Amino acid sequence: MSDRSGISDIYLYDFGDRNLYQLTDVFTGVTGITPLSPALSWARQADRLAFAYYEDGDYNVYGVDNPRSLRRQPYQDSPTPPVTSLLAAMRRDTTRSSAPPAGAAMPTDQPRAAASVYRSPTGFRASSATPQRTDSTTGTTAVTVRTLLDSATALPDTSEFTFKAYHTRFTPDYVARPTIGYQRDNFGRGFFGGTAISLSDLLGNHTLVFAGAVNGRLSEAQVLTAYINQTHRLNWAAGFTQEPYYFYEPTTVQSDTGGLSVLTVGIRRFVIRDGFVEAYYPLSRFSRVELGMHAVNISDAVLQQQYLLDPNGFILGASDLQTVSNPSISYVSPSLSLVHDNALFGYVGPFAGSRYRFQVTPNFGDWQFVGGLADWRRYFFARPFTLAFRGLFFGRYGRNGDEFPVFLGSTELIRGYTAGSLINNECANSTTTTSGRTGCSELDQLIGSRIAVANVELRFPLTRSLVLGFLPVGLPPIEGALFYDMGLAWESSSVVKWQRAQGDDPELIRTPLRSWGGSIRVNVLGFVVLRFDYTKPLDRLRNKAYWTVSLGPTF
């Protein structure tokens with residue numbers, strides 16, 4: 001690209017004949033949307049050129065097959081370079097008169113070189129030449145509309161610039177709208193709310209992020225403070241986070257000789273406090289290596305409440321919320337990751353490209369285990385359909401690998417096995433209790449320290465841009481999808497089988513869970529993505545299809 005003609009155009013240099021060819025001749029210039037975005041791209045194998053062109057107040061992308069076919073005659077510089085161009089065709093002496101004296105030798109032009117020029121009332125001069133200092137009270141020219149509109153006369157003189165050291169000053173980039181509310185449940189949560197703010201400097205090299213949210217107790221608050229440095233190619237960040245996690249505890253029943261019984265329900269709470277330092281080094285535009293070091297402290301407690309029941313199961317009374325604290329846990333966790341992402345996103349999720357992340361995380365301290373993550377996603381686009389695949393594995397191995405279980409039934413992993421549906425159906429109708437984490441084997445089979453997930457989706461648009469004829473508003477883009485999910489959760493003591501035999505203990509024998517269904521995704525004004533999934537589980541006692549609603553883009 002060059003603006004040698006006064007407007008940015010695309011040129012081709014032929015190494016064979018050593019000639020320069022002008023491929024485009026546009027009015028407003030070939031340019032990127034931002035100073036750092038590419039203005040053109042030439043596919044190596046497809047022999048197709050794409051470039052961004054600003055026209056009619058908008059940026060459009062044009063594609064050209066076989067760009068070499070646009071070559072005509074070799075480009076010749078104009079004898080008179082345009083005033084608007086800062087690339088002089090030849091370095092000329094702008095102070096000499098246009099006609100040399102009789103008998104004088106003709107001056108020779110210097111070799112071609114890039115030079116910026118300034119236009120003054122006395123003529124043109126090179127930016128490297130020192131301007132003549134004249135009395136400011138003499139030679140004053142009248143100010144006219146023409147001179148005010150002439151950009152060449154308004155160019156600043158760099159010799160009059162002063163240089164100052166750059167100092168970082170933070171200004172707000174955005175502030176999340178604060179929220180506040182009140183909600184009460186059996187475990188004592190009350191007022192909740194939160195907000196976030198991000199600050200950065202003028203160059204965007206330094207960023208500060210602060211975020212916080214409270215849900216009843218300050219000890220369970222969500223906190224994030226981080227500093228990000230992007231001055232060099234090796235970006236790094238440091239900060240602190242606090243995040244609470246909750247897990248079901250087994251429900252116990254204790255009976256006495258008088259027929260009364262005590263029902264104890266509880267939730268195990270982990271509050272994770274994490275001080276971290278992370279570094280990111282890009283290998284290419286789409287791949288990078290990540291290094292991290294985390295110092296973690298975990299507060300472990302059980303929140304439980306007891307109910308007194310009569311022989312018929314009716315509640316006679318309830319105790320106050322009890323917090324049983326366990327010893328805290330501390331460990332250090334380095335990490336190494338390889339990340340790739342060249343996916344293209346549509347209105348509700350990716351539709352082309354691929355993404356993957358491979359990560360290993362050893363842990364040393366009170367908890368000793370090695371965590372591993374492999375997340376691979378691929379999107380095949382054939383207008384207007386997208387065939388999306390995902391394979392995911394996450395697991396912890398070692399002495400304390402089972403201490404931190406994961407729930408497989410999230411709609412982000414496998415649909416049709418949500419905790420609420422299982423609790424209200426299989427668990428509520430079960431006549432036996434088990435020794436698992438929740439006492440319900442159908443729910444326990446979704447909990448483990450290791451999970452594996454496979455998803456396939458066929459995505460297609462239902463509406464693109466639907467505008468109502470009687471109202472000046474448009475409906476948001478809507479996408480449909482058909483999906484098939486498969487997932488498995490297990491622990492170090494589990495036995496993994498493809499199919500469970502009759503009489504096998506479901507707490508010990510773990511088998512894959514499957515489901516299929518259809519989905520509708522809606523982008524609501526660019527603010528949030530709503531997902532409506534109609535799923536039929538294939539490996540539940542209650543295998544009727546049901547609807548779920550989720551927030552966020554698809555995988």
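Asn66 sits in the loop between strand S5 (58-65) and strand S6 (117-120); strands here are DSSP runs of E with at least two residues, helices are runs of H or I with at least four, and both are numbered from the N terminus. Although Asn66 is not a glycine, its phi is positive, at about 50°. Asn66 counts as partly exposed because its relative accessibility is 36%, a class that lies between buried (under 20% relative accessible area) and exposed (over 50%), found with a 1.4 Å probe on protein chains only.

Arg18 is another residue other than glycine with a positive phi, near 55°. Its place is the loop between strand S1 (11-14) and strand S2 (19-22). With a relative accessible area of 63%, Arg18 is exposed.

## Basis of the model

The model is predicted: local features need pLDDT of at least 70, side-chain atom pairs count only at pLDDT 80 or more, and totals for chains, interfaces and linings use all residues. Residues are numbered from 1 along each chain as its sequence is written, and side-chain values use heavy atoms, with hydrogens and water left out.

## The chain as a whole

The protein chain has three helices and 33 strands. Of its 555 residues, 33% count as buried. The chain exposes about 33900 Å², with 59% of that area supplied by carbon and sulfur atoms; the area comes from the Shrake-Rupley method with a 1.4 Å probe.

Among contacts (heavy atoms within 4.5 Å) with a separation of 6 or more, 54% are between residues 24 or more positions apart.

Val339 belongs to strand S18 (residues 322-341). It is buried, with a relative accessible area of 6%. Its C-alpha atom is separated by 5.4 Å from that of Arg288, which is 51 residues away along the chain. Leaving out residues up to four places away in sequence, Val339 touches Phe286, Ser287, Arg288, Glu290, Tyr356 and Arg357.

Arg521 is in strand S31 (residues 513-524). Arg521 counts as buried because its relative accessibility is 0%. Its side chain makes a polar contact of 2.8 Å with the side chain of Glu457. Such a contact is a pair of N or O atoms within 3.5 Å; within protein, one must be able to donate a hydrogen and the other to accept it, and residues adjacent in sequence count only if both atoms are side-chain atoms. Beyond four places in sequence, the residues touched by Arg521 include Val348, Arg415, Pro477, Leu530 and Thr554.

## Loops on either side of strand S22

Pro384 lies in the loop between strand S21 (369-382) and S22. The peptide bond joining Arg383 and Pro384 is cis, with omega about 0°.

Asn400 is in the loop between strand S22 (385-397) and strand S23 (406-407). At 10% relative accessibility, this asparagine is buried. Its side chain reaches the backbone nitrogen of Gln368 at 2.9 Å and joins the side chain of Arg399 in a polar contact of 3.0 Å. Apart from residues up to four places away in sequence, Asn400 touches Asp366, Trp367, Gln368 and Phe369.

## Cavities

A cavity is a set of points on a 1 Å grid over the protein atoms alone where a 1.4 Å probe fits but cannot get out. Points are joined across faces, edges and corners, and the volume is the space filled by probe spheres set on them. The count is two cavities of 30 Å³ or more.

The second largest cavity has a volume of about 30 Å³. Its lining (residues with an atom within 4 Å of a point) consists of Gln445, Leu488, Ala489, Arg510, Thr511 and Leu513. These divide into three nonpolar, two polar and one charged. Ala, Val, Leu, Ile, Met, Phe, Trp, Tyr, Cys and Pro count as nonpolar, Asp, Glu, Lys and Arg as charged, and the others, Gly among them, as polar.

Methods. On a 1 Å grid over the protein atoms alone, a cavity is a set of points where a 1.4 Å probe fits but cannot get out, and a pocket is an open set with protein on both sides within 12 Å along at least five of seven lines; lining residues have an atom within 4 Å of a point.
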